[in-house]
Amino acid sequence: MVEDIFDKVANNMGPIGSHAHYSHHYYSFPKLSGELGPYMSFNGKRMLNWSLNNYLGLANHPEVREADAKAAEEYGLAYPMGARMMTGNSELHEEFEKQLAEFVGKEDAFLLNYGYQGVMSVVESMVDFKDVIVYDAESHACLIDGVRLHRAKGGKTYTFKHNDMESLEKNLIRATKIAEEQGGGIMVVTEGVFGMSGAVGSLDVIAELKKKYKFRLLVDDAHGFGTMGKTGAGVPEHFGVQDAVDLHFCTFAKSMAAIGAFIAAKKEIIMYLKYNMRSQTYAKALPMPFVLGGMKRLELIKKNPELKDQLWSIVKALQEGFRKRGFDIGNTTSPVTPVLLQGDYDLPTVTNLIKDLRENMAIFCSIIVYPVVPKGVILLRVIPTAAHTLEDVEYTMNSFEIVKEKLSNGSYKPV
């Protein structure tokens, strides 16, 4: 008997979707409204918002708003019409690529429509079935999907324990053997900043391993671009290992508060990607307002280091405050601030906690539970920005202390 695909998916919504009957529009797919910033509205209530990927506060910067509006007025949202290879290329696209490459210390760069499908396509296009991928176990889903495409072509993959360099070396030994047998190469895939834990990838150690093993290194620096390094060029700059990173991927969705991404590398590699990345070859070019808006954002990042300084003043106050109050924020050394609450908590307890935070304390932050994190762990992810204030931090500290007390005395257990 042939099963109906629609019946199958309707009856099995998946591990996250199985809760959609009560979580939709509140715990999942919430609707925030109002000006993008530290305070927004949720269900008609003003909230202190710690969930925006707007690290440098550029989303509503007056120069950014003006540049976006002027570009939309001059070019509309369609120009240039077509894929870059056909009719969608322009001098401004190439100028922006030149600026991005220079900023992160690479020879060239390639603009990508979206970060997720862009880096997934980079992974897929750089390796064939003879090559081996060695990747961090906690790599972002976009990298995992790129690895899956490699497996679909018959390629071999190995996973190393999260940020564990001993595990990486063991897997490099295995990968080297396979690559030698098959006549292929090795690509190591990791992140600059891991988006859930805030941990910084050990790029300095990986750079040293390149002296011992032959491999190329791809770094997803989505959360590091604009926030890490002396100039904000990212985690490779933070460690001083730009030359060791062969493929430096960054998205505009975090520090630049925009749409799009780029991959930076040697000129010949970028030229190869321009002709072999299916997600770009067969997709419309990044619209001109995002190109000109992106150039304005990059200009502000370069000319206004105080934006990053303000971000880090909030990060420091927030993270030191959490630690002094006995909260577990893991080993983050980046702006990403996870608050880990551990215990035998069921899902109704977690939802009651979040409802209390939102309805009674007017604080909105992301909640992550199993299967993204282990069972018995509640992860409240707090994303500080340069637009937050020290008063916002203090209020949040006091509110989280109340939440922790209520959680420990069972106040959130369902009746």
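**Entry 1: the cavity**

I began with the lining of the largest cavity, whose residues divide into three nonpolar, six polar and no charged. I should say at once that I am working with a predicted model. Which residues line the largest cavity? I wrote down G37, P38, N49, S51, L52, N54, I383, T385 and H388. I then looked up how much space lies inside, and the figure is about 30 Å³. When I counted cavities of 30 Å³ or more, I found one in the structure.

**Entry 2: P384**

Next I turned to P384, which sits in the loop between β14 and α16. Is P384 buried or exposed? Its relative accessibility is 0%, so I noted P384 as buried, since buried means under 20%. I listed its contacts, leaving aside neighbours within four places in sequence: W50, Y55, L311, I314, V315, L318, P335 and T337. I also compared P384 with D204, 180 residues away along the chain, and their C-alpha atoms are separated by 26 Å.

**Entry 3: helix α14**

Several contacts of P384, including L311, I314, V315 and L318, are also on my list of buried residues of α14. So I gave this helix its own page, starting with its length, because 19 residues (306-324) at 1.5 Å a residue should span 27 Å. The end C-alpha atoms of α14 are 26 Å apart, which agrees.

Which residues of α14 are buried? I found L307, K308, L311, I314, V315, L318, Q319, G321 and F322. These cover an arc of only 170° around the axis, which puts them on the same side of α14. A reminder to myself: an α-helix has 3.6 residues a turn, so residues three or four places apart point the same way. On the face turned away from the buried side of α14, I found the exposed residues K316 and K324.

What covers the buried residues of α14? My list includes α13 (288-303), β11 (337-342), β14 (377-382) and α16. Just after α14 I came to G326, which takes a positive phi of about 85°.

**Entry 4: helix α16**

I repeated the length check for its 19 residues (390-408), which at 1.5 Å a residue should span 27 Å. The end C-alpha atoms of α16 are 27 Å apart, which agrees. The buried residues of α16 that I noted are D392, V393, T396, M397, S399, F400, V403 and L407. After α16 comes G410, and its phi is positive, near 85°.

At 2% relative accessibility, G294 counts as buried. Which residues does G294 contact, leaving aside its neighbours within four places in sequence? I found F96, M256 and P289. I also checked G294 against D221, 73 residues apart along the chain, and their C-alpha atoms are separated by 17 Å.

**Entry 5: D356 in α15**

My last stop was D356, whose place is in helix α15 (residues 347-359). Is D356 buried or exposed? At 5% relative accessibility, D356 counts as buried. With neighbours within four places in sequence set aside, I found D356 in contact with M361, K406 and Y412.

How values were computed:
Residues numbered from 1 in each chain as written. Predicted model: local features only at pLDDT ≥ 70, side-chain atom pairs only at ≥ 80, totals over all residues. Heavy atoms only, no water. Helix = DSSP H or I, 4+ residues; strand = E, 2+ residues; numbered from the N terminus. Expected span 1.5 Å × (residues − 1). Buried < 20%, exposed > 50% of the residue type's maximum accessible area, 1.4 Å probe, protein only. 1 Å grid on protein atoms, 1.4 Å probe; cavity = no way out; pocket = protein on both sides within 12 Å on 5 of 7 lines; lining within 4 Å. Points joined across faces, edges and corners; volume = space filled by probe spheres on them. Nonpolar A, V, L, I, M, F, W, Y, C, P; charged D, E, K, R; others polar. Arc of directions from axis to C-beta. Contact = heavy atoms within 4.5 Å.
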